[in-house]
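These are my notebook entries on a structure that I had not looked at before.

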Amino acid sequence: IIRTVLTGGPSNDGFSHISGNETFLILVEKFIDLPKEVYSKGAKVITVKYSRQFPLVKTTNYMAAIKHQKIKEKNKAIEIVYFQNGKFLEASTSNLFIVKNNRIITPKEGVLSGINRNLVIKLAKQKRINVEEREIPGKDFFAASEIFLTATNKEIVPIVKVDNEEIGNGQVGEVTKMLIK
């Protein structure tokens with residue numbers, strides 16, 4: 001995993017920016033694949049009331065995700081899905097999609113427009129699946145027949161359980177399987 005980081009650079013007082021002295025970092029981490037059964041059997045997520053401060057910007061501010069790691073691990077969840085004002089937005093490091101009435105729905109505003117998110121939208125349209133980029137209210141989220149997440153380091157991850165509720169029939173859905181393939 002390669003992350004690039006651009007900061008304001010050093011500061012004389014720990015806060016003020018010194019013009020023209022930005023710091024650019026390249027961080028490299030070992031990539032660890034998710035277990036194969038996650039893709040064939042699906043995974044669980046937990047929900048947390050939160051929205052990122054700068055959702056349109058790829059940042060390294062994972063404080064909310066880090067704060068909720070113990071809850072995520074205790075619940076044997078793979079990710080944390082954020083909601084705010086009754087609307088489901090995205091996961092801590094992934095984009096969110098639901099399938100309802102054979103339509104794919106993904107939030108358009110207030111989320112990072114990820115590379116894999118954009119690819120999935122393009123692939124779905126090529127397969128003549130209707131894609132709606134709009135808000136996902138809780139009533140749609142929990143009534144979805146399928147939920148999946150996308151991220152560069154995860155590709156497409158089927159979600160079969162949210163908190164303690166089964167999604168659809170509790171198995172990886174056909175739309176999600178087709179997109180994974």
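Entry 1: The model is a predicted one, in which local features need pLDDT of at least 70 and side-chain atom pairs count only at pLDDT 80 or more, while totals for chains, interfaces and linings use all residues. Residues are numbered from 1 along each chain as its sequence is written, and side-chain values use heavy atoms, with hydrogens and water left out.

I then searched the whole structure for aromatic pairs and noted six; rings of Phe, Tyr and Trp (its six-membered ring) pair if their centres lie within 6.5 Å, and planes under 30 degrees apart count as stacked, over 60 as edge-to-face and the rest as tilted. One of them joins Phe-88 and Phe-142 in an edge-to-face arrangement, with 5.6 Å from centre to centre and 85° between the planes. This pair links distant parts of the chain, since Phe-88 sits in strand β5 (residues 87-91) and Phe-142 in helix α5 (residues 138-142), 54 residues apart; helices (H or I, at least four residues) and strands (E, at least two) are DSSP runs, numbered from the N terminus. Phe-88 counts as buried at 5% relative accessibility, whereas Phe-142 is partly exposed, with a relative accessible area of 30%.

Phe-148 has its own partner, Phe-97: the ring centres are 4.7 Å apart and the planes stand at 10°, so I record the pair as stacked. Phe-97 lies in strand β6 (residues 95-100) and Phe-148 in strand β10 (residues 146-151), so the pair ties together parts that are 51 residues apart in sequence. Phe-97 is also buried, at 0% relative accessibility. I noted as well that ring pairs link Phe-83, Phe-88, Phe-141 and Phe-142 into a cluster.

**Entry 2: nonpolar cores.** Which residues touch the most other members of the largest nonpolar core? I found Leu-96, Phe-141, Ile-147 and Ile-159, out of the 19 residues in that core; such a core is a set of buried Ala, Val, Leu, Ile, Met, Phe, Trp, Tyr and Cys residues joined through side-chain atoms within 4.5 Å. Two or more residues of this core come from each of β3 (43-49), β5, β6, β10 and β11 (155-162), and β11 gives the largest share, three residues.

**Entry 3: salt bridges.** Side chains of opposite charge can pair when their charged atoms come close. I counted ten salt bridges in the structure, each being a side-chain nitrogen of Lys or Arg within 4 Å of a carboxyl oxygen of Asp or Glu. One of them joins the side chains of Glu-135 and Lys-87 at 4.0 Å, N to O. Glu-135 lies in the loop between β8 (130-133) and β9 (136-137) and Lys-87 in strand β5, 48 residues apart, so that the pair links distant parts of the chain. Lys-87 is partly exposed, with a relative accessible area of 26%.

I also checked Arg-134, which forms a salt bridge with Glu-132, the closest N and O atoms being 2.6 Å apart, and meets the side chain of Asp-140 in another at 3.2 Å, N to O. Arg-134 is partly exposed at 28% and Glu-132 is partly exposed at 23%, whereas Asp-140 is buried, with a relative accessible area of 6%. These residues belong to a network of salt bridges that links Lys-100, Arg-103, Glu-132, Arg-134, Lys-139 and Asp-140.

**Entry 4: Glu-135 again.** Leaving aside its neighbours within four places in sequence, I found Glu-135 in contact with Lys-87 and Ile-105. Glu-135 and Ile-71 are 64 residues apart in sequence and 26 Å apart in space, C-alpha to C-alpha.

Notes. Buried < 20%, exposed > 50% of the residue type's maximum accessible area, 1.4 Å probe, protein only. Contact = heavy atoms within 4.5 Å.
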